[in-house]
Amino acid sequence: MLKFGIVGCGRISQKHVKALLDAKDAKLSAICDIKPETMSSLSEKIPFEVKKYLSYDDFLDSDIDVVSICTPSGLHAEMTIAAAKKKKHVLCEKPMAMTLEDADAMIKAHQNAGTFLIIVKQNRENPAIKLLKEAVDAGRFGKLLMANATVRWTRPQEYYDQDPWRGTPEMDGSVLFNQASHHIDLLQWFLGPVRSVKAYAEILDHDIKVADSAVAVLKFESGAIGCVEATT
């Protein structure tokens, strides 16, 4: 049975706890956060005792097999690479990283360590999405020529104000990183790699330092074209 540890005990970590409680071949063994009160709040939702760590280094030195990274986005690369050095498998929340260079470094670290690195893209497991993917791969719709992803969400200023990392280039990224990443992933899953992008990204309606709205036109290697529209 794989022993899991969760680092980052904020809102999304509760989803990981629920999944682990339902899992047959995995068990939650430890949690870690720099804020004791946040860690205590999460531990109250776990119906058995787990090890608690304020230090990520001490957490990695424990007997866990897999690290679930639920920290702010800008910490994903550093924490993923550190876990690889300790021979730990990683399940990392989206977005994978803030830069392509960091993403490549994460992959290389786990290739060198011989460990697994998995990015959370749970929409690929939605029953309707899986059926659609099977139909696309079987050629039921012929050659796909055009596709788009539209993400018209509402995030009030209070959403960004609740944590100091939100809305920052170092830790948040933008609407494309946090809100639209699943949709962009599905576009590429269905149509394949993107060859080129032309885009506009702007701060239109929030007091933040990254784009809350973006539009992009995509050219896929298959010859198909598409667009992404995202806003909070």
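Is E49 buried or exposed? E49 counts as exposed, at 67% relative accessibility; here buried means under 20% relative accessible area, exposed over 50%, and partly exposed in between (1.4 Å probe, protein chains only).

1. Before the details, a word on the basis. This is a predicted model, in which local features need pLDDT of at least 70 and side-chain atom pairs count only at pLDDT 80 or more, while totals for chains, interfaces and linings use all residues. Residues are numbered from 1 along each chain as its sequence is written, and side-chain values use heavy atoms, with hydrogens and water left out.

2. The whole structure holds 10 salt bridges, each a side-chain nitrogen of Lys or Arg within 4 Å of a carboxyl oxygen of Asp or Glu. One of them joins E49 to K52, with the closest N and O atoms 3.0 Å apart. K52 is partly exposed, at 37% relative accessibility.

3. D185 pairs with R124, with 2.8 Å between the closest N and O atoms. Helices (H or I, at least four residues) and strands (E, at least two) are DSSP runs, numbered from the N terminus. D185 counts as buried at 13%, whereas R124 is partly exposed at 28%.

4. Within helix α1 (residues 13-22), K18 and D22 lie four residues apart, about one turn of the helix. Their side chains form a salt bridge (3.3 Å, N to O). K18 is exposed at 55% relative accessibility, and D22 is exposed at 52%.

5. Finally, a network of salt bridges links K3, K51 and D63.
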